[in-house]
Amino acid sequence: MPEPGLTPASVPRLWRLARLGFDAVRNRPVLLYPEGAVLLNETGKAILELVDGTRTVAEIAEILREKYQTDVAADVTEYLSGLAARELIQ
Amino acid sequence: MTNERPTTLLAELTHRCPLHCPYCSNPLELTRAEREISTEDWKRVFSQARDLGVLQLGLSGGEPLIRKDLEELAAHANGLGLYQTLVTSGLGLTRQRADRLKEAGLEHIQVSIQDVDPESAERIAGISSVKQKRAAIAIVKELGFAFTINVVLHRQNLDRIGEITDFAAEVGADRLELANTQYYGWGLKNRSWLMPTRAQVGRAKAIAEDRMARYKGKMQMIFVLPDYHESYPKACYGGWGRYYIVVGPEGTAQPCHAASSIPGLAFPNVREYSLDWIWRESAGFQAFRGDDWMKEPCRSCPRKAVDFGGCRCQALALTGDAANPDPVCTLTPFRRIIDEAVTETEAAEFEYRQLAST
């Protein structure tokens, strides 16, 4: 079943049951939730740290564009849509 | 040897439990209280598990609330940064204990229910538990724990899958796990009472799909078809010794909760060996890793990367050899064992009409 993805105007929110953590053994940021975990890279972590339930996808992309000096809008939308399909982002 | 790291430790803290469910995943031979390992043993195991890469901890049983040191264990695990799930019947979850567990850093509680029909629930659990479970659920919600309801599905409750799901949504579950009975140990012993018919499974699937759409975004539902009614086996525990470590009440460490039923395999005790050695070196954890152990048709089958040959305990229970393919697989001649068992269940459903003998 195709999931409707997020748009730049969407306001993503982390699933209530998920939280960001750091795995010192693998030396990786990690998203933890009941019965599961997603190992993140630094980019994923940077995106998720900006997900606060008030910023839009476009606003998150704009903050990261300034930080990394490159347009990341498509990547941000795709990344968050992927997590939304797994119900980790709502 | 393996370079992979485990992600999950399932700590079966005790086999003691007020419920008597006929599909229990605990072994037929239950461990007595006096043989349970100590608080210090468990704390050491949790620390070793984290060092090995474990991220998820299941505090399970039996009924883990029977262990008086549960809060102390939860606090220790929280200090290690483990994401913890308390897997409970709800019985014994008083407000006071829930407060202390919250304080200890427990995040997620999974409460089992047997059925929404009180009489049926009582029959399945072997005791009356409905009121106590309701009270426990109210406490879990009041204290704001992440909350899952788990229901083991079988012939006796499958027709109420819709009502069960509605109940879970109504009491505010974040997640609903609709788990199928697995047929080894107690489940195999009681298979004829537990196995659903094909028609039941078909109806249940349609109802589950309807509810998934209805509760999307509100309650996460996990529902997979029972493997007897599928064409291919499931990757049991994600593959032998790939992600999971199960430690039993007496300290035996295994790749799955039923592995000790397999003859010829020895599983080390955490009182004698480190979890690191058990994971990387012990013969028991290496026995069915990779594909060297596989017979045909698994060995040359592309699906081996998907299901790893299925469940070893099911292969043993139904074919007599744990190294055989999981008989659920329709690509093996063993499948007829599964088909026969399902057909027997169908036959048990009705009697042909006939004239009374005179």
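In the predicted model, Leu59(B) stands opposite Leu86(B) of β3(B), within a pairing of strand β2 (residues 56-60) and strand β3 (residues 83-88) of chain B that is parallel and extends over four bridges; two strands are taken to pair if DSSP finds at least two bridges between them. Strands (E, at least two residues) and helices (H or I, at least four residues) are DSSP runs, numbered from the N terminus. Residues are numbered from 1 along each chain as its sequence is written, while chains are lettered from A and ligands numbered from 1 in the order in which they are written. Because the model is predicted, local features need pLDDT of at least 70 and side-chain atom pairs count only at pLDDT 80 or more, whereas totals for chains, interfaces and linings use all residues.

Both strands belong to an open sheet of nine strands in chain B, with the order β7-β6-β5-β4-β3-β2-β1-β8-β9 and mixed pairing. Its edge strands are β7 (220-223) and β9 (253-254) of chain B, each of which pairs on one side only. Helix α2 (residues 70-80) of chain B lies across β2 and β3 of chain B and runs at about 175° to β2(B), the angle being taken between N-to-C directions on a scale from 0 to 180 degrees, with axes fitted as lines to C-alpha atoms, for helices over the stretch in contact. Helix α5 (residues 130-142) of chain B likewise lies across β4 and β5 of chain B, at about 165° to β4(B).

Strand β5 (residues 146-153) of chain B has seven of its eight residues buried, so it is largely enclosed by the rest of the structure; a residue is buried if 20 or more other C-beta atoms, placed from the backbone, lie within 10 Å of its own. Five bridges join β5(B) in parallel to strand β4 (residues 108-112) of chain B, with Ser112(B) opposite Asn150(B), and six bridges join β5(B), also in parallel, to strand β6 (residues 175-180) of chain B, where Asn180(B) is the bridge partner of Leu153(B). Together with helix α6 (residues 161-170) of chain B, β5(B) and β6(B) make a right-handed β-α-β unit, the path from the first strand over the helix to the second running clockwise with the strands pointing away from the viewer.

The loop between β5 and α6 of chain B contains Leu158(B), a buried residue with 24 other C-beta atoms within 10 Å. Leaving aside neighbours within four places in sequence, Leu158(B) is in contact with Leu153(B), Pro196(B), Gln200(B) and Ala204(B), contact requiring that C-beta atoms, placed from the backbone, lie within 7 Å. Leu158(B) and Gln200(B) are 42 residues apart in sequence, yet their C-alpha atoms are 6.9 Å apart.

Overall, chain B has 14 helices and nine strands. Buried residues account for 49% of its 358 residues, and among contacts between residues at least 6 apart in sequence, 72% join residues at least 24 apart.

In chain A, three strands form an open antiparallel sheet in the order β1-β2-β3, in which β2(A) and β3(A) pair over four bridges and Leu32(A) has Ala37(A) as its bridge partner in β3(A). Between the two chains, 13 residues of chain A are in contact with 15 residues of chain B. On the side of chain A that touches chain B, the elements giving two or more residues are β1 (19-23) and β2 (28-33) of chain A.

How values were computed. A residue is buried if 20 or more other C-beta atoms lie within 10 Å of its own, exposed if 12 or fewer, and partly exposed in between; C-beta atoms are placed from the backbone.
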